[in-house]
Amino acid sequence: MKPAELLDILSVAEKLKCNTRHSYTSSGRHESVAEHSWRLTLMALLVESEFPEADMNKVIRMCLIHDLGEAFTGDIPAFNKTGEDEAKEDRVLAQWVENFPSPDRERWQALYEEMNALATTEAKIYKALDKLEAVIQNDEADLSTWLPLEYELQFSYRQENMQFSEYMKELRREVDRMTAEKIAREK
């Protein structure tokens, strides 16, 4: 990749540092999309030994790039995001990647296709961790930042993404326990 091409890509990716999510940090400020992606990637590193059959380097790549479309669209909270929003994000991301030099373009396109299909163990791990990281972050934020719908959503959000793995189901149960304790303690 030529230096100018690399710098152009990094310029787009930098927007994830500026774009905030609905989630708050434990210090009371909005979390950036980049911070979410960073911690999601850290989660993948930390659970590597739980998935010896998986290519965790691929999972890490998925975690790093999964929200790059939000550099163009901004973050839309899951409870507000429509199919039209998702299609737009996918479309602008695909157009951006189409301009990458070969063979990077083909590698990125293949990775996004795998992520969207959710057919491989690696894609399932990335997706489950992505959804869990959001719930964990919400648990770490002050209860005063929660919307009324989040009290139920904390327990129901994307449970189906955990079903492929006993470890993920156990992790989700532990997160749910943490959520219940937080609500009981802070109400």
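Helix 6 has buried residues whose cover includes helix 3 (56-65), helix 5 and helix 7 (121-140); helices here are DSSP runs of H or I, at least four residues, numbered from the N terminus. This is a predicted model, where local features need pLDDT of at least 70 and side-chain atom pairs count only at pLDDT 80 or more, while totals for chains, interfaces and linings use all residues. Residues are numbered from 1 along each chain as its sequence is written, and side-chain values use heavy atoms, with hydrogens and water left out.

**Helix 6 itself**
- The buried residues (under 20% relative accessible area, 1.4 Å probe, protein chains only) are Asp104, Arg105, Leu111, Tyr112, Glu114 and Met115.
- Its 14 residues should span 20 Å at 1.5 Å a residue, and the end C-alpha atoms agree, sitting 20 Å apart; the expected span is 1.5 Å times one less than the number of residues.

**Packing against helix 5**
- Helix 5 (residues 83-98) meets helix 6 (residues 104-117) at about 155°, axes 9 Å apart; axes are lines fitted to C-alpha atoms over the stretch in contact, and angles run from 0 to 180 degrees between N-to-C directions.
- That makes the pair roughly antiparallel, the label for angles over 145 degrees.
- Leu93, Trp96, Val97 and Glu98 of helix 5 make the contact with Arg105, Trp108, Gln109 and Tyr112 of helix 6; contact means heavy atoms within 4.5 Å.

**Over in helix 2**
- Ser37 belongs to helix 2 (residues 33-46) and counts as buried at 5% relative accessibility.
- Leaving aside residues up to four places away in sequence, Ser37 touches Cys63, Leu64, His66 and Asp67.

Methods: Helix = DSSP H or I, 4+ residues; strand = E, 2+ residues; numbered from the N terminus. Parallel < 35°, antiparallel > 145°, perpendicular 65-115°, else oblique. Buried < 20%, exposed > 50% of the residue type's maximum accessible area, 1.4 Å probe, protein only.
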